[in-house]
Amino acid sequence: MQITNASPSATQQHNGNSSNDNGNGSSSSSSSNNNNNKTISQQGNGSIHNNNNNNSQPEMLGRVNKQELVRLILQSLNDLGYQNAAKTLEQDSGIALESETVTRFRAAILAGDWSLAESLLTMLPGNDDPESTDLLQAQFLIRQQKFLELLEAQKTMKALHVLRNELTPLGQSIDRLHQLSSLIFCSSVQDIRAQAQWDGVDGSSRQQLLVDLQQYISPSTMIPKERLLTLINQAFEYQQRHCLYHSNSVAEYSLFENHLCDKTHFPSTTIRVLEGHEDEVWHVSFSHNGRYLSSVSRDKTCIIWDLETFEKVQVLSGQDAASYCAWSPDDSKLLVCGTDNNCFYLWDPMSGELLHTYNEHKEQVTGVVWLPDGEHFISSACDKSICLWNIDGEIKSRWQTPRTLEMKVTKDGKRLVTITYDKFIEIYNIENFRLNDVGKIEESGAITSLSITQDGRYALTNVTETQELHLWDLEERQLIRKYTGQKQKSFVIRSTFGGDDESFILSGSEDNCVYIWSRDYQTLLEVLEGHTGIVNCTSWCPVGPPMFASASDDKTVRIWGVDDGSNKEMNEDAILV
């Protein structure tokens with residue numbers, strides 16, 4: 001599909017002495033091992049001292065503090081249920097997991113002994129200043145839990161007393177105090193829990209309170225929950241970010257070796273060539289369940305392909321060339337945009353029945369997006385309007401906008417992003433079927449394609465003047481990545497995100513190739529040959545094994561997958577970089 005300057009129609013998450021019972025283990029004030037005569041000493045203010053270490057400098061294992069490492073191992077042994085092993089390690093090392101004060105503090109929180117908990121809190125290192133912000137915020141969290149539990153027990157007067165005489169004097173979070181005040185008027189316990197976003201005393205609220213309190217207590221005093229696992233997962237995440245071919249569906253992790261996905265598991269091989277169109281194929285889109293693929297063409301047809309058999313399910317024949325298509329959320333319907341009659345069409349993709357023709361736009365319809373209810377959708381056109389429809393053809397809202405070339409909506413249906421003929425990315429919020437302008441970003445040249453990430457945070461655009469793909473942070477309104485190499489000067493080329501964690505960038509090109517980059521590192525990973533005409537569009541399959549489709553002026557659609565050795569002739573068409 002050619003871009004022309006003469007026309008605006010280019011398309012597109014009460015026992016203070018009890019031992020710790022939440023998996024972090026307990027420690028006595030002193031213990032000894034007859035074999036090595038090491039003694040564990042715990043100071044009354046909550047800090048830990050190893051009597052066997054007379055050197056003021058901590059013993060280091062490379063860059064790792066030995067005492068910290070032993071304490072993390074102790075915590076993990078207790079978490080895993082190996083309390084006897086933890087006790088032996090404490091005796092052998094002379095290092096305690098945590099002080100008796102911390103152990104009693106944890107137990108007081110879990111037992112709901114709020115007076116003891118607050119008393120012990122002030123004995124922890126760093127909490128000796130009664131006006132300390134951290135101490136006040138920690139006290140607020142404890143008293144908030146006390147207030148909520150009294151409300152849950154329907155002891156309203158006692159809860160009100162806590163609110164007025166214990167929470168309010170702390171002078172913390174006026175907004176939160178107002179929210180807590182409103183809970184007094186809740187009609188049921190269930191309503192209290194829902195409004196407070198709190199699961200009650202029988203839930204995990206006290207355990208969560210300990211987690212929340214952690215930010216106000218030094219981690220060297222009270223080790224954060226499951227700290228060793230957190231560090232291991234952080235290491236895995238770091239390795240994942242440096243794995244250029246990472247895919248969650250095939251990724252394997254081991255503590256014994258660094259993570260690295262095998263390049264051969266990347267879908268860089270043509271596994272099928274779908275032939276059936278008689279002219280250029282301009283757009284392809286997978287159904288949400290990954291079972292079907294729709295392809296639209298200049299030949300005035302939209303073909304529905306079964307990806308289990310790679311056979312045609314239906315050929316939807318229209319009155320004009322088709323430029324764009326969009327599956328309904330439940331995959332039961334398909335919207336197809338025409339290029340000549342200023343219309344777009346609603347089809348039943350399985351039966352082939354034309355259900356409705358929408359013809360209110362005055363110029364070419366450039367894009368359509370479904371709202372999550374499956375009963376409403378939005379259309380854009382070169383007539384400087386965006387319309388919100390119900391499925392019966394009624395326009396519920398119409399807005400005057402710049403000429404829009406393509407648009408995308410977030411999964412929750414709350415935000416709409418568009419690209420315009422005058423080189424802007426426009427951002428709107430959708431509220432009660434109305435658009436509210438949030439802002440816009442100016443691009444460096446003409447834009448032909450728009451994709452957004454599943455969370456709606458980032459947008460990907462194709463820019464013709466610079467022959468680049470741009471990744472934008474829509475919240476910060478900043479350009480954060482550029483991808484180069486593909487050729488695009490005169491035609492509409494559509495790019496997309498790929499991979500189950502959207503870690504790849506895919507684009508067609510005017511040199512008949514498919515280009516694939518690492519999203520984070522901007523590294524060009526693959527240049528895939530096989531098509532004999534311009535590659536207009538790429539689309540990644542949303543479910544199942546890694547697979548994507550490309551549409552071309554050569555009248556074909558290529559399905560790219562993992563080379564399993566069964567497509568020897570086709571494998572020769574895929575050139576890897």
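My entries follow, one topic at a time.

**Ground rules.** I am working with a predicted model, where local features need pLDDT of at least 70, side-chain atom pairs count only at pLDDT 80 or more, and totals for chains, interfaces and linings use all residues. I number residues from 1 along each chain as its sequence is written, and my side-chain values use heavy atoms, with hydrogens and water left out.

**Helix H4.** I looked up residues 114-121, which form helix H4; helices (H or I, at least four residues) and strands (E, at least two) are DSSP runs, numbered from the N terminus. Six of the eight residues in H4 are buried, where buried means under 20% relative accessible area, exposed means over 50%, and partly exposed lies in between (1.4 Å probe, protein chains only). The buried ones are Trp-114, Leu-116, Ala-117, Glu-118, Leu-120 and Leu-121. What covers them? Their cover includes helix H3 (100-111), helix H5 (133-152) and helix H9 (205-213).

**Salt bridges.** Side chains of opposite charge can pair when their charged atoms come close. I call it a salt bridge when a side-chain nitrogen of Lys or Arg is within 4 Å of a carboxyl oxygen of Asp or Glu. How many salt bridges does the structure hold? I found 14.

I started with Glu-152 and Arg-193, whose closest N and O atoms are 2.6 Å apart. This pair links distant parts of the chain, with Glu-152 in helix H5 and Arg-193 in helix H8 (residues 189-196), 41 residues apart. Glu-152 counts as buried because its relative accessibility is 12%. Arg-193, at 30%, counts as partly exposed.

Next I looked at Arg-457 and Asp-473, which meet in a salt bridge of 2.7 Å, N to O. Arg-457 sits in the loop between strand E22 (447-452) and E23, while Asp-473 is in strand E24, 16 residues apart. Is Asp-473 buried or exposed? Asp-473 has a relative accessible area of 7%, so I wrote down "buried". Arg-457 has 27% and is partly exposed.

I also noted a network of salt bridges that links Arg-291, Asp-306 and Glu-308.

**A negative patch.** Asp-330, Asp-373, Glu-375, Asp-392 and Glu-394 form a negative surface patch. Such a patch joins like charges within 9 Å, using residues with over 30% relative accessible area and no salt bridge. I found Asp-330 in the loop between strand E10 (322-327) and strand E11 (334-338). Asp-330 counts as exposed because its relative accessibility is 55%.

Note on methods. Patch = residues over 30% accessible without salt bridge, like charges linked within 9 Å, V, L, I, M, F, W, Y side chains within 5 Å. Areas by Shrake-Rupley, 256 points an atom, 1.4 Å probe, with all protein chains shown as cover. Lys, Arg positive; Asp, Glu negative; His and termini not counted. Charge placed at Lys NZ, Arg CZ, Asp CG, Glu CD. Contact = heavy atoms within 4.5 Å.
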